[in-house]
Amino acid sequence: MREPIERLEGLLRKEALQIIRDPSALAIAFLLPAMLLVIFGYGVTLDPHRVPLAVVVEQPDAVAQSFVAQLGGTPYFTPVHFNTIQAADRAFDAREVSGIVWLRANFTRQLASEGAAPIGVIVNGVDANTARLIQGYLQQVWATWLAARSRERGLPQGLPVAVEPRVRFNSAVSSRDYLVPGLIAIVMTLTGALLTALVIAREWERGTLEALMVTRATIREILLAKLLPYFVLGMGGMVATLVLAVTLFGVPFRGSLLVLTGASALFLLAALGMGLLISSVARNQFVAGQIAIIVTFLPAFILSGFVFDIGSMPWAIRLLTHIVAARYFVAILQSLFLAGDVWSVILPNALALGIMALVFLGAARLGARKRLD
Amino acid sequence: MPAESELPPALRLEGVSHAFTSRGRTAAALDGITARAERGAVTGVIGPDGAGKTTLMRLAAGLLQLRSGRIEVLGIDVARNPDDARSRIGYMPQRFGLYEDLTVRENLDLYAKVQNVPRAGREARDGELLHMTGLAPFLSRLAGRLSGGMKQKLGLACTLVRVPEVLLLDEPTVGVDPVSRRELWEIVDHLVRTERMAVVLSTSYLDEAERCRSVLLLHEGRLVGATDPASFAAQVSGRSFHVSAAGTGKRQLQERLARTPGVVDATIQGAFVRVVTESGGQLSAAELSPQATPLTIVPVPPRFEDSFVALLKSSSPATASPGQAIARGETPEENGSRGTPSPPETTGSAGNEPVIFADRLTRRFGSFIAVDAVSFAVRRGEIFGLLGANGAGKSTTFRMLCGLLPPSDGTLRVAGYDLRRAAASARGRIGYMAQKFSLYGDLSVLENLRFFASAYRLLEPHRGARIAWALEEFGLGPHADAVSRELPLGFKQRLALACALMHEPEILFLDEPTSGVDPLARREFWRRINALAESGVTVLVTTHFMEEAEYCDRLAVLAQGKVLAAGDPESLKARARTAERPQPTMEDAFIALLEAASRPRAA
């Protein structure tokens with residue numbers, strides 16, 4: 001038992017020295033996830049924010065002005081005034097505005113007589129996502145204004161059933177609060193796979209693995225000596241991204257740190273295992289990097305449910321999402337950040353992560369040979 | 001205890017074949033090899049690149065799966081018990097297997113730990129290894145900062161931390177300077193002598209064969225000879241001569257001798273032409289020299305290479321003698337369709353002006369001086385060599401000469417152009433053949449030629465004529481549609497030269513042109529280069545290869561970015577002449593220069 005430990009110790013010491021002397025591994029573990037998180041965290045948002053909106057008021061009276069003021073008072077829109085619908089159209093075509101709100105000359109009269117809604121809304125269907133967002137938020141502004149107006153005048157509200165939305169878990173309905181935890185999973189998938197795949201590819205490139213193979217070190221020891229140090233580094237990177245999420249993006253954290261640590265460890269093992277598996281095919285760093293991005297980052301981005309809802313995917317693709325480790329981690333993270341320790345979410349997903357970690361690490365172990373072919 | 005002869009040999013191969021498959025094509029790397037390497041001796045695995053040396057070494061180390069045949073190390077079946085076999089093997093791969101961001105000590109510690117070297121005795125062993133390799137003063141230096149020769153020795157020390165019974169060294173001497181090469185051989189000899197270690201060493205340098213107890217000669221995956229080097233060389237004893245002729249240039253003489261019936265081999269060796277005759281063939285001045293030029297013929301002891309070439313020649317059909325079309329007079333000057341104006345500086349200078357002129361040429365990378373005030377001048381039609389080990393500054397000098405890298409300091413003129421100002425104009429007059437095969441591997445031979453013709457902006461009908469010339473002159477016609485990647489090494493090299501000559505350059509740059517190719521292809525290549533030089537093309541060649549240096553008219557010996565000496569091969573060799581070494585080789589000369597250069601620093 002002493003001999004294998006001595007060999008492993010030698011390999012671990014070597015790995016540690018390399019990490020200290022060649023900062024590329026540290027950059028992958030800390031810099032890369034932090035950068036990606038910041039870029040995506042600020043870039044990817046599903047909330048409209050100061051969207052330029054053309055406003056055409058054909059007969060500017062007090063009622064119309066009050067609605068326009070309501071529109072401008074929200075953080076979602078920046079009204080741009082036009083006198084005619086034609087002028088607004090031109091601005092719309094030139095993409096200077098993302099939508100048009102059109103209050104016709106009979107706006108106030110119709111509102112008084114029928115008590116409801118004669119405003120025209122034109123949105124650009126090419127960007128369907130933004131269009132739907134603008135539409136939804138406009139409706140919300142409209143409903144709020146109507147309700148306020150009814151209250152003011154002591155009238156019964158215009159709608160027979162008043163819908164009062166109550167959003168649970170993310171009460172501010174800030175998309176960032178639920179996107180950032182998901183992003184952590186995506187970013188750490190790439191980081192974990194790159195860490196192991198690149199460092200082993202580097203050993204292939206430099207011919208050092210070939211020399212190690214003709215020593216007493218077993219293939220299990222060689223793999224373990226890669227897994228352990230990069231697990232530690234990866235956990236460090238995980239802490240860095242979590243701290244960023246809470247401090248920089250102000251995402252609330254409602255679960256327990258213990259559960260978070262456990263789930264992160266399971267997930268990281270799966271990601272590192274994927275990296276080990278990649279390294280058994282890719283023998284130079286460039287190819288290893290390419291494969292890692294294609295097989296880990298892209299599927300995680302699209303198929304993890306972090307932004308695209310898995311429930312609305314066709315069944316075949318939905319099936320495919322089950323082999324994306326990030327999917328389970330996204331679910332756990334979103335629950336931990338927004339809701340707390342919801343065991344009915346955490347346990348099955350943690351189990352799935354554990355299975356994936358075992359499968360990837362097992363496959364990497366079986367696929368590795370002390371041979372070059 | 002049984003006598004050594006009754007024990008199983010260090011390495012035994014029986015009917016070993018190996019093939020690599022890529023993209024559905026199968027290429028045989030080894031073909032039915034049956035051979036053995038004895039205990040307590042050095043066995044050389046010798047052959048050109050692509051002969052199957054590395055495949056053989058990796059199979060012996062259990063790094064490739066054996067598909068047919070049987071390999072035993074000390075009687076252990078490698079395919080069945082790879083771990084058992086490996087535990088008794090020390091193996092140094094081509095790139096030495098060092099961790100460059102670890103220090104010398106840390107590398108040694110790592111290998112000691114993974115090899116479970118017992119702590120007791122570790123210190124003594126380390127001390128011995130460090131003494132043997134001369135690495136003691138560099139213990140805390142990063143391996144990446146060591147010179148090529150020191151890396152090689154550290155790589156060797158790492159494989160020796162646990163004393164192996166069989167030591168496999170895969171091309172350990174490639175690209176290292178001759179001093180380190182000699183030191184490595186001294187270490188190997190020492191190991192064999194004191195520890196009774198069996199060493200199996202692969203190399204493409206034929207002169208190293210003479211240092212082995214026995215050699216396995218590989219050629220295109222087949223074993224063409226398994227013998228002891230002395231008796232192998234003796235097969236041509238009495239058939240090797242140095243020939244020289246007063247009043248005849250060595251290249252003309254060589255060309256004539258090479259075409260003489262009964263001559264197996266004619267190569268330039270300094271001022272002489274070394275000739276090997278057919279068995280029973282006597283070399284007579286009258287026979288060789290119908291024009292009655294007075295020839296001096298001196299018998300010389302046979303070399304290993306003489307015998308190897310004779311063997312290869314007898315087994316392969318005679319090749320059409322190259323270089324004739326060039327020699328016939330298709331010289332750049334006489335070809336009227338060329339039409340490029342002469343550079344202004346050279347007009348009227350009657351060719352006395354050097355074609356390549358470097359004065360105190362310097363290149364710095366940060367604080368590192370790669371090329372340090374290098375000066376030389378090359379005349380028209382001259383073959384000039386830059387001789388040095390890896391890292392001596394050859395490639396950096398070369399890149400500056402090609403206009404690919406601006407000099408930090410000094411003057412550099414090529415074909416009359418100042419490279420600082422008119423690099424592009426100068427490049428049009430330069431042909432460049434890179435060390436690595438730098439053509440498009442996916443294109444066919446013809447497509448590569450067409451591409452280079454258009455890249456040099458050759459116009460029809462001249463363009464078609466040049467392509468036809470290339471196919472004819474280099475014997476590439478039958479391979480015109482072959483995918484370049486799959487050509488044999490010798491043909492790749494021919495194609496690369498053809499592409500470099502497409503625009504009839506007046507200057508040809510060759511970067512280690514024949515490193516690793518088999519001796520026949522090397523001879524053929526140099527006959528072409530000689531013919532080009534005879535027709536007025538100026539040739540500049542970088543090499544770490546002593547044999548290529550012999551082909552040069554003059555050469556500059558580089559070490560650590562500086563020119564140690566310059567002159568013709570004979571005068572360089574003459575400097576190393578001592579009482580005990582009346583006939584120094586180029587390598588002796590190089591070593592003497594390196595030692596003289598390092599002495600003041602050591603003192």
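Guide: Gladly! Let us start with Phe96(B), which sits in the loop between E6 and H3 of chain B. This is a predicted model, where local features need pLDDT of at least 70, side-chain atom pairs count only at pLDDT 80 or more, and totals for chains, interfaces and linings use all residues. Residues are numbered from 1 along each chain as its sequence is written, while chains are lettered from A and ligands numbered from 1 in the order in which they are written.

Visitor: Why is Phe96(B) called buried?

Guide: A residue is buried if 20 or more other C-beta atoms, placed from the backbone, lie within 10 Å of its own, exposed if 12 or fewer, and partly exposed in between. Phe96(B) has 26 other C-beta atoms within 10 Å, so it is buried.

Visitor: And what makes Arg196(B) count as exposed?

Guide: Arg196(B) has 12 C-beta neighbours inside 10 Å, so it counts as exposed. Its place is in the loop between helix H6 (178-195) and E8 of chain B.

Visitor: Which peptide bond is cis?

Guide: The one from Glu460(B) to Pro461(B), with omega near 0°. Pro461(B) lies in the loop between helix H14 (445-455) and helix H15 (462-473) of chain B.

Visitor: How do you know that E3 and E8 of chain B pair?

Guide: Two strands pair if DSSP finds at least two bridges between them. Strand E3 (residues 42-46) and strand E8 (residues 198-203) of chain B are joined by 5 bridges, so they pair, and they run parallel. Helices (H or I, at least four residues) and strands (E, at least two) are DSSP runs, numbered from the N terminus.

Visitor: Why do E6 and E10 of chain B stand at the edges?

Guide: The open sheet of 6 strands in chain B has the order E6-E7-E8-E3-E9-E10. Strands E6 (89-92) and E10 (222-227) each have a single partner strand, so one side of each is left without a neighbour in the sheet.

Visitor: How many residues of chain B are in contact with chain A?

Guide: Contact needs C-beta atoms, placed from the backbone, within 7 Å. By that rule, 26 residues of chain B are in contact with 26 residues of chain A. H3(B) gives the most to the chain B side, with 6 residues.

Definitions and conventions. Contact = placed C-beta atoms within 7 Å.
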